[in-house]
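Hi there,

Here is the structure I promised to pass on. Could you open it alongside this note and follow along?

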Amino acid sequence: MWPVRLLPPALSIRSERMEKHNCFIKQLSVIIENKKGAFADWALLLSENQIDLIAAAIAETGERGTLRAIVSEPQRAYELLSEKKYAVSLTDVLAVPLLDRPGALAELLDLLRDHNISVEYLYSFLRKLEGDGVVVLRVNLPGEAVKVLTTHGLTLLREEQLKKQ
């Protein structure tokens with residue numbers, strides 16, 4: 001059994017019926033200064049514009065950090081951040097719901113490794129998706145990863161599935 005939470009058929013991604021771009025989530029990547037209040041300023045900008053922060057991870061690199069975030073309106077957030085002179089980009093990532101049990105992530109990563117797909121980075125978060133977590137992945141071969149994961153019966157989430165209902 002695979003380590004994913006299978007969603008009802010109407011919500012599942014089936015590669016033979018879905019266009020490739022529907023399998024990806026848009027992620028913001030933002031360069032944030034490593035100083036007091038910088039992350040708060042960023043979060044306040046989203047809040048003031050009614051953009052929901054779904055998931056975030058920060059990697060510090062000295063004076064700056066790279067903030068990776070999944071938000072409710074990625075294109076609008078990108079435009080707002082660009083207007084405020086943030087160094088920001090949009091990146092396609094995969095979002096896979098995982099069962100909450102030991103070894104679930106290891107099984108997913110092993111499957112990708114078996115198909116020569118490298119994970120460039122990942123982070124996880126909880127959302128009300130049947131009570132389990134979601135792992136966000138950026139891989140070196142995104143199209144191949146979609147094919148491998150869906151062929152093996154794993155579910156990939158669409159952006160609209162991550163928004164509050």
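Strand S1 (residues 25-33) runs antiparallel to S3, with 6 bridges between the two; strands count as paired if DSSP finds at least two bridges between them. Strands here are DSSP runs of E with at least two residues, helices are runs of H or I with at least four, and both are numbered from the N terminus. Before going further, please note that this is a predicted model, in which local features need pLDDT of at least 70, side-chain atom pairs count only at pLDDT 80 or more, and totals for chains, interfaces and linings use all residues. Residues are numbered from 1 along each chain as its sequence is written, and side-chain values use heavy atoms, with hydrogens and water left out.

Back to the strands. In S3, Arg68 is the residue that stands opposite Ser29. S3 also pairs with S2, again in the antiparallel sense, over 8 bridges, and there Ala56 has Ala69 as its bridge partner. The hairpin of S2 and S3 has 2 residues between the strands, and Gly62 in it takes a positive phi near 85°. S3 itself (residues 64-71) is mostly covered, with 6 of its 8 residues buried. Buried means under 20% relative accessible area, exposed means over 50%, and partly exposed lies in between (1.4 Å probe, protein chains only).

Gln27 is worth a click. This residue sits in strand S1 and counts as buried because its relative accessible area is 0%. Its contacts (heavy atoms within 4.5 Å), leaving aside residues up to four places away in sequence, include Arg68, Ala69, Tyr121 and Val136. The side chains of Gln27 and Tyr123 are joined by a polar contact of 2.8 Å. For a polar contact, a pair of N or O atoms must lie within 3.5 Å; within protein, one must be able to donate a hydrogen and the other to accept it, and residues adjacent in sequence count only if both atoms are side-chain atoms.

Ile58 counts as exposed because its relative accessibility is 55%.

Finally, have a look at Thr150 in helix H4 (residues 142-151). Thr150 counts as buried because its relative accessibility is 14%, and a polar atom of its side chain lies 3.4 Å from the backbone oxygen of Lys147.
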